[in-house]
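This report describes selected local features of one protein chain. The sequence and the model are shown below.

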Amino acid sequence: MTTNRITISAVVNADNQTTWDCYTAPEHITQWNFADDSWHCPSASNDLRVGGSYIARMEAKDGSFGFDFQATYDEIDPLHRLAYTLGDGRTVIVYFKAVGSNKTEVVVDFAAENTNPIEMQRQGWQAILDNFKKYTEGRG
């Protein structure tokens, strides 16, 4: 089976430490981890260590649908890289690259699932990353 990979990115106008903290701390994750304003992330937990679990609850605000986004960490290089495996076995790698003193490029590379079209997956994950960028930049 060939797995398609999708890569998305954003340059965040924040230093590497702030970007990392906003991406990994549960109190921040709940503020940005949804693709549009009709959804929210009411809870998140993050055991940031190899073998640790990441869980974020994603729900439609009208209560019509919700699910837990769950993963287990395979690699953690603080401020630089996260690698994790989703519950369905797909892998995700997130890179954090300092760009100058006050910008960080975040690149997310993930294995596509087989249910939804590739472009739909790309757009959904990019929308979440764009929401992360907006939230993180608004903290400064």
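A polar contact is a pair of N or O atoms within 3.5 Å, and within protein one atom must be able to donate a hydrogen and the other to accept it. The model examined here is a predicted one.

## Asn-33 and its surroundings

The side chains of Asn-33 and Tyr-54 are joined by a polar contact of 3.5 Å. Asn-33 belongs to the loop that runs between helix H2 (26-32) and strand E2 (39-46). Its relative accessible area is 6%, and because buried means under 20%, Asn-33 is classed as buried.

Leaving aside residues up to four places away in sequence, Asn-33 touches Cys-41, Tyr-54, Ala-56, Met-58 and Ile-128. Two of these names, Met-58 and Ile-128, return in the description of the largest pocket, where they are listed among the residues nearest its centre.

## Aromatic pairs

A pair of aromatic rings is described by the distance of the centres and the angle of the planes. The count of aromatic pairs comes to 13. In one of them, the ring centres of Tyr-54 and Phe-69 are 6.1 Å apart and the planes stand at 85 degrees, so the pair is edge-to-face. This pair links distant parts of the chain, with Tyr-54 in strand E3 (residues 53-60) and Phe-69 in strand E4, 15 residues apart. Tyr-54 and Phe-69 are both buried.

Phe-65 and Phe-67 form a tilted pair, with 6.1 Å from centre to centre and 50 degrees between the planes. Phe-67 has a relative accessible area of 32% and is partly exposed. One aromatic cluster is formed by Tyr-54, Phe-69, Tyr-73, Tyr-84, Phe-110 and Trp-125.

## The largest pocket

Rolling a probe the size of a water molecule over the atoms shows where empty space is left. The largest pocket holds about 780 Å³ of space. Its lining consists of 32 residues, and those nearest the centre are Met-58, Phe-67, Phe-69, Trp-125 and Ile-128. Helix H1 (16-24), H2, E2, E3, E4, E5 and helix H3 (118-137) are the elements that each give two or more residues to this lining.

Which element supplies the largest share of the lining of the largest pocket? That element is H3, with six residues. By class, the lining comprises 20 nonpolar, eight polar and four charged residues.

The N-terminal end of H1 is capped by Asp-15, which places a side-chain oxygen 3.0 Å from the backbone nitrogen of Gln-17. Within H1, the residues Asn-16, Thr-19, Trp-20, Cys-22, Tyr-23 and Thr-24 are buried.

Met-120 lies in helix H3. With a relative accessibility of 48%, Met-120 counts as partly exposed. The C-alpha atoms of Met-120 and Asp-36 are separated by 14 Å, while the two residues stand 84 residues apart along the chain.

## Backbone geometry at Leu-79

Most residues other than glycine have a negative phi. Leu-79, which is not a glycine, has a positive phi of about 75 degrees. Leu-79 is located in the loop between strand E4 (66-77) and strand E5 (81-86). At 25% relative accessibility, Leu-79 is partly exposed.

Note on methods. Residues numbered from 1 in each chain as written. Predicted model: local features only at pLDDT ≥ 70, side-chain atom pairs only at ≥ 80, totals over all residues. Heavy atoms only, no water. Helix = DSSP H or I, 4+ residues; strand = E, 2+ residues; numbered from the N terminus. Buried < 20%, exposed > 50% of the residue type's maximum accessible area, 1.4 Å probe, protein only. Contact = heavy atoms within 4.5 Å. Phe/Tyr/Trp six-rings, centres within 6.5 Å; stacked < 30°, edge-to-face > 60°. 1 Å grid on protein atoms, 1.4 Å probe; cavity = no way out; pocket = protein on both sides within 12 Å on 5 of 7 lines; lining within 4 Å. Points joined across faces, edges and corners; volume = space filled by probe spheres on them. Nonpolar A, V, L, I, M, F, W, Y, C, P; charged D, E, K, R; others polar.
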